[in-house]
Amino acid sequence: MPQQPARGTRLFTVTADTLVAVDFGPRTKRRPPGPYGRLFARPGTRAFTLANLLARLPMGMFSVSAVVMIAGTRGSYALAGAVTATGLAATALVAPWTARLVDRYGQARVAVPATLVAALGSLALLLCVRYDAPAWTLFAAYAATATTPNTGGMSRARWAHLLDGDPDALHTANSFEQAADELCFMLGPVLAAFLCGAFFPEAGTLVGVVLLVTGVLAFAAQRSTEPPPSGRTTTGATAATPPAPSPLRSPGMPPLLAVCLALGAVFGSTEVVTIAFADAQGHRTAAGVVLALQAGGSCAAGLLYGRVRFAGAAEDRYPWCVAAMTALLVLPLLAASLTGSLLLLAAALLVAGMATAPTMITNMTLVQRRTPDGRLNEGMTLAVTALLGGIACGSAAGGWTVEHLTPTAGYGVPVTAAAVALLVALAWPGVRTAAA
């Protein structure tokens with residue numbers, strides 16, 4: 001039996017006066033990888049990304065789980081809200097210090113013990129609720145969870161370390177990270193509500209602790225992609241390298257954090273007002289789906305934004321991103337005030353969410369550029385802390401507006417907060433000045 005020619009072999013023969021060439025190579029051409037394919041082709045990137053996503057998912061679970069757990073057993077949403085607000089305030093104080101230690105001594109060395117302390121705080125809260133401990137113990141236990149490291153910031157720090165000198169790839173990485181944030185905060189509350197409702201009130205907290213500890217341990221084990229700590233000793237020296245100045249002192253950083261504060265107010269007020277609006281329409285359970293659509297629009301826009309290559313500087317794009325976000329946030333206000341339809345409101349929030357990820361991606365890019373070497377985790381955490389503070393303020397402002405005016409009027413709060421962010425981006429020169 002004659003052998004078949006090997007793949008890729010070319011045969012030549014002569015028929016009469018014609019030379020015939022036969023190519024046995026494959027007929028299909030392999031398409032070159034896209035931006036995300038090239039990004040994750042780098043060694044070690046898939047492993048640390050999957051582990052980080054596992055650790056990041058509980059960030060959207062804990063607050064919802066705590067509210068359901070406390071309100072379900074103590075019968076007080078006021079107590080549940082006060083406990084979670086205390087945890088948020090503690091996080092705003094502790095998180096920058098935790099990030100500073102991560103930068104100085106390394107991710108694995110600091111993140112693992114910090115995570116274990118936070119996990120013990122969550123378990124203590126669970127036991128205090130379960131065994132009807134005094135109310136003050138709930139505040140103390142939940143405050144201990146403030147040591148949870150900023151897993152998203154640590155992932156961004158790894159990308160910055162691996163992609164140093166490749167701004168296009170770093171833009172794609174930042175876009176992916178923002179989309180991952182949106183996905184986790186979209187799925188986390190849904191998963192928490194399902195676990196607490198389908199099994200028992202403490203189920204969401206238990207699963208969140210397991211996911212957080214497992215994810216951080218797996219993430220810390222990926223040592224090949226970990227950025228070197230800034231506090232390492234130099235060769236032949238006995239003293240550690242002097243730490244870089246605080247990111248707060250970097251030119252342009254304060255206005256960026258002010259914008260983050262205003263953007264957080266957008267997110268916090270939108271959530272509260274949407275829940276109130278759906279409740280007023282008699283469909284409170286649909287509020288989660290409506291908010292998930294907004295996060296889904298932001299997630300899709302973030303992934304698309306990461307595939308685009310921009311010729312201009314991020315400083316030039318930034319005001320336009322904030323302006324687009326401000327303009328699109330008018331759509332939910334119009335949908336609520338002119339139609340009162342929850343379905344049209346969901347569509348408006350879906351469209352409005354598409355400006356969120358590009359704005360946050362550009363913001364985080366500018367924060368990275370203005371953060372001194374060796375303090376990237378701290379710089380990222382400061383931005384997240386400002387967002388959390390804004391979320392708390394936005395929730396309070398949205399709740400006051402809903403209670404004293406109407407849920408429809410409440411959609412004016414995120415528009416106002418976005419307009420403040422736009423004014424800061426336009427008026428403060430440090431935001432629009434490229435970093436040296």
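Let me start with helix α3, residues 62-74. At 1.5 Å a residue, its 13 residues should span 18 Å, and its end C-alpha atoms are 18 Å apart, which agrees. The expected span here is 1.5 Å times one less than the number of residues. Helices (H or I, at least four residues) and strands (E, at least two) are DSSP runs, numbered from the N terminus.

Before I go on: this is a predicted model, in which local features need pLDDT of at least 70 and side-chain atom pairs count only at pLDDT 80 or more, while totals for chains, interfaces and linings use all residues. Residues are numbered from 1 along each chain as its sequence is written, and side-chain values use heavy atoms, with hydrogens and water left out.

Back to α3. Its buried residues are F62, S65, A66, M69, I70 and A71. Buried means under 20% relative accessible area, exposed means over 50%, and partly exposed is in between, with a 1.4 Å probe and protein chains only. An α-helix has 3.6 residues a turn, so residues three or four places apart point the same way. Just after α3, G75 takes a positive phi of about 70°.

The same length check for α7, residues 151-162: at 1.5 Å a residue, 12 residues should span 16 Å, and the end C-alpha atoms are 17 Å apart, which agrees. How many of the residues of α7 are buried? The count is 10 of 12, so this helix is mostly covered. Among the buried ones are G152, G153, R156, R158 and W159.

Now α5, residues 107-130, which holds T115. T115 is buried, with a relative accessible area of 2%. Leaving out residues up to four places away in sequence, T115 touches P149, L212, V213 and V216; contact means heavy atoms within 4.5 Å.

In the loop between α5 and α6 (135-143) sits D132. Its phi is near 55°, a positive value in a residue other than glycine. Most residues other than glycine have a negative phi, and most peptide bonds are trans. Is D132 buried or exposed? D132 is exposed, at 60% relative accessible area.

On to the surface. V289, L293, L331, L334, L338, L350, V351 and M354 form a nonpolar patch with about 660 Å² of accessible area together. The elements giving two or more residues to the patch are α11 (287-305), α13 (330-339) and α14 (342-353). The most comes from α13, with 3 residues. L338 is placed in α13, and at 67% relative accessibility L338 counts as exposed.

Patch rules, for the record: members have over 30% relative accessible area and no salt bridge, with like charges joined within 9 Å and nonpolar side chains (Val, Leu, Ile, Met, Phe, Trp, Tyr) within 5 Å. A salt bridge is a side-chain nitrogen of Lys or Arg within 4 Å of a carboxyl oxygen of Asp or Glu. Accessible areas come from the Shrake-Rupley method with a 1.4 Å probe; for residues, only the protein chains shown count as cover.

Cysteines, briefly. A search of the whole structure finds 0 disulfides, a disulfide being a pair of cysteine sulfur atoms within 2.5 Å. C128 counts as buried at 16% relative accessibility, and C321 counts as buried at 11%.

Last, the chain totals. The protein chain has 19 helices and 2 strands. Buried residues make up 49% of its 436 residues. Among contacts between residues at least 6 apart in sequence, 80% join residues at least 24 apart. The chain exposes about 20600 Å², and carbon and sulfur atoms supply 67% of that.
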